[in-house]
Amino acid sequence: MKAFAIATVSVLLLSGLSATGAPKSRDQQVIADRDDLEKNQDWIYNDLKLAELEAGEKGKPMMIVFRCIP
Amino acid sequence: MDQFVCLRMIQMNGVDLARFQFDFDMSFGVIFMNADGTVYGRYGTRNERSENADDQISMEGLREAMKSALALHRGYPANQASLASKTGPEPKYPTAEKYPQLQKYTPVINYQNQVAKSCIHCHQIHNAERQMLREAGQPIPDDILYLYPMPDVAGIEMDPKKRATILRINDDSPAEKAGLCPGDEILFAAGQPLISVADFQWVLRHTPAGGDSIPLQVLRSGKKGEITIVLENGWKKNTDYTWRVSTWDLRRMALGGLSLVPDTSSGKTATGLEVKAAGKYGDHAVARKAGVLPGDKIKEIAGLTGPASEGSVIAHILQTTKPGDKIELTVQRGGKEIPLSFKAQ
């Protein structure tokens with residue numbers, strides 16, 4: 001659960017700075033968020049059909065997080 | 001976490017509104033769902049727009065909701081009937097971009113060069129629903145204005161670190177009259193198993209503003225009991241909605257772009273309200289152009305001459321006027337009373 005907490009908080013709530021420390025534009029933040037999530041094995045990004053398919057095949061419930069990039 | 005299929009959604013473009021209904025003013029919301037679309041529950045609660053806005057969510061509370069969702073999944077489909085009301089009524093439009101006010105958007109985000117501009121934000125759905133009523137010349141009812149009431153409207157303060165456990169009960173409230181106590185864990189409300197405070201808000205959201213009774217199953221000292229809470233006509237008006245981001249558009253419609261706050265000075269007027277800010281641009285500058293200024297004290301507005309809140313003023317105007325109607329107000333400024341008016345939108 002601790003790992004989940006760290007991953008969730010870091011991936012979903014933070015990441016407003018670029019690698020140089022400069023604030024990112026909103027578009028840059030959304031794209032960076034997408035890139036992060038697409039590399040993350042634990043998350044499906046914006047693809048409900050894929051999530052439903054996987055949930056059906058694995059017999060797992062879906063946890064669907066709606067998070068606005070501020 | 002590996003017991004779930006985790007899906008990250010960032011926009012409402014193309015999202016099936018029959019299946020995905022939640023408090024669209026949240027900037028963080030979770031829905032737990034079976035692969036067949038059955039909703040197990042929701043997580044994500046907010047009640048103000050200050051630095052304390054996240055007080056109502058916690059990792060502990062999310063963990064409790066996840067555990068409860070897994071338990072419901074293990075009990076599925078035997079528990080299917082109790083979950084049916086967790087899916088909302090059929091929406092007016094199947095997806096957000098079908099709303100007349102949102103038809104400039106497409107079902108997908110444009111990641112090439114207009115990411116934010118092409119995104120339908122969750123709160124825009126609330127805006128579109130209200131604008132649709134307004135353009136039809138219909139009053140905006142309490143059920144559409146006072147969305148997802150906090151449990152405090154019933155006199156309940158929930159523990160944000162627990163699943164649906166009562167932390168405090170307000171004196172002389174519907175909850176106290178029903179016999180609820182601090183420490184009570186609400187297992188079911190209106191027949192629905194609760195996995196979070198947001199689930200209780202879902203039940204409140206679908207309880208009519210005209211009043212109703214909500215049967216609860218409560219766990220107290222290890223024993224289950226049944227309690228019914230009674231909400232009287234107009235109960236939703238006891239919740240504050242002005243922290244919501246969607247209120248920005250209501251201020252345009254009703255107040256010409258004004259933002260009102262309680263006047264804490266000794267010389268406050270009968271309404272007890274003063275102008276905190278007056279919009280400067282476009283349709284949000286209507287009141288400013290009519291002469292209203294930040295710092296003005298509201299003596300009277302739209303016929304309201306007694307104590308009021310920003311939320312009650314907006315509700316009064318949106319339930320008694322149509323776009324184009326004249327909104328008359330008297331402000332106090334520098335010891336003078338100044339009559340002004342602007343048009344509702």
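# A walk through a two-chain predicted model

In chain B, the domain assignment gives domain 1 (151-238) and domain 2 (247-343), where such bounds come from an automatic or database domain assignment. The centres of these two domains, taken over C-alpha atoms, are separated by 35 Å. This is a predicted model, in which local features need pLDDT of at least 70 and side-chain atom pairs count only at pLDDT 80 or more, while totals for chains, interfaces and linings use all residues. Residues are numbered from 1 along each chain as its sequence is written, chains are lettered from A and ligands numbered from 1 in the order in which they are written, and side-chain values use heavy atoms, with hydrogens and water left out.

Chain A contains three helices and two strands, which follow the order α-α-β-α-β from the N terminus on; helices (H or I, at least four residues) and strands (E, at least two) are DSSP runs, numbered from the N terminus. Of the 70 residues in chain A, 36% are buried, where buried means under 20% relative accessible area, exposed over 50%, and partly exposed in between, with a 1.4 Å probe and protein chains only.

Within chain B, an open sheet of five strands has the order E10-E11-E12-E13-E14, with antiparallel pairing. Strands of a sheet pair through backbone hydrogen bonds, either parallel or antiparallel, and two strands are taken to pair if DSSP finds at least two bridges between them. At the edges lie strand E10 (258-262) and strand E14 (336-343) of chain B, each of which pairs on one side only. Strand E13 (residues 326-333) of chain B is joined to E14(B) by eight bridges, and the two run antiparallel; Thr330(B) stands opposite Pro339(B) in E14(B). Helix H7 (residues 247-255) of chain B packs on this sheet, touching E10, strand E12 (297-301), E13 and E14 of chain B, where contact means heavy atoms within 4.5 Å. Helix H9 (residues 310-320) of chain B also packs on the sheet, and touches E10, strand E11 (273-278), E12 and E13 of chain B.

Strand E6 (residues 185-189) and strand E8 (residues 212-220) of chain B run antiparallel and are joined by four bridges, with Ala189(B) opposite Leu216(B) in E8(B). E8(B) also pairs in the antiparallel sense with strand E9 (residues 223-231) of chain B, over nine bridges, and there the bridge partner of Leu216(B) is Ile227(B). The hairpin of E8(B) and E9(B) has two residues between the strands, and Ser221(B) in this hairpin takes a positive phi near 50°; Ser221(B) is exposed, with a relative accessible area of 75%. Ala190(B), in the loop between E6 and strand E7 (192-193) of chain B, has a positive phi near 50° as a residue other than glycine, and Ala190(B) is partly exposed at 38%.

A further backbone feature is the cis peptide bond that joins Tyr76(B) and Pro77(B), with omega about 10°. Pro77(B) is found in the loop between helix H1 (59-74) and helix H2 (80-83) of chain B.

Finally, the structure holds zero disulfides over all chains, a disulfide being a pair of cysteine sulfur atoms within 2.5 Å. For Cys6(B), the closest cysteine sulfur is in Cys122(B), and because 18 Å lie between the two sulfurs, they are too far apart for a bond. Cys6(B) counts as buried at 2% relative accessibility, and Cys122(B) is buried with a relative accessible area of 12%.

Technical notes. Axes fitted to C-alpha atoms, helices over the stretch in contact; angles between N-to-C directions.
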